Amino acid sequence: MSTVKVAERVDPREIRRRLGMNQQQFWSKLGVTQSGGSRYESGRNMPKPVRELLRLVHVEQIDIQRLKREDFEVVEYLKAEDPDQFKALRKAARNRLKKSAG
């Protein structure tokens, strides 16, 4: 099963409720109005960019306010020029998260 099909079946209302947020809080983090978010929660087709933002912000818990283009440029450079170092850093970061969560 592809990740696109999984992302298409995202239930934004369920995610919002699990997070204990009202529509204004939930949708404003994505730059979507409360009324627009309400329409998505009622079954209206959600554009792919909005689905991806929802996944990044509310599922992956990424603070998109802190992201910068240069961060992505560094990651892409490292992946291309030193993939072993990239894998080692990714593994170290995951281990750090596991330790802080446990």
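How exposed is Arg13, in terms of relative accessible area? Select Arg13 and take a look: Arg13 is partly exposed, with a relative accessible area of 27%. On this scale, buried means under 20% relative accessible area, exposed means over 50%, and partly exposed lies in between (1.4 Å probe, protein chains only).

Before we move on, a word on what you have open. This is a predicted model, in which local features need pLDDT of at least 70 and side-chain atom pairs count only at pLDDT 80 or more, while totals for chains, interfaces and linings use all residues. Residues are numbered from 1 along each chain as its sequence is written, and side-chain values use heavy atoms, with hydrogens and water left out.

**Stop 1: around Glu41**

The term stands for a side-chain nitrogen of Lys or Arg within 4 Å of a carboxyl oxygen of Asp or Glu. The partners come from distant parts of the chain, 28 residues apart: Arg13 sits in helix H2 (residues 12-19) and Glu41 in helix H4 (residues 34-41). Helices here are DSSP runs (H or I, at least four residues), numbered from the N terminus.

**Stop 2: along helix H5**

Next, select Arg55 and Glu52. Both belong to H5, three residues apart, or about one turn of the helix. Arg55 is partly exposed at 30%, and so is Glu52 at 27%. For contrast, shared partners join Arg13, Arg16 and Glu41 into one salt-bridge network. The whole structure has six salt bridges.

**Stop 3: the core**

Finally, select Ile15, Met21, Phe26, Trp27, Leu30, Val32, Tyr40, Met46, Val50, Leu54 and Val57, the eleven residues of the largest nonpolar core. Such a core is a set of buried Ala, Val, Leu, Ile, Met, Phe, Trp, Tyr and Cys residues joined through side-chain atoms within 4.5 Å. Helices H3 (23-28) and H5 (48-59) each give two or more residues, and H5 gives the most, with three.

End on Leu54. Leaving aside residues up to four places away in sequence, Leu54 touches Val10, Pro12, Ile15, Phe26, Trp27, Leu30, Met46 and Val59, where contact means heavy atoms within 4.5 Å.
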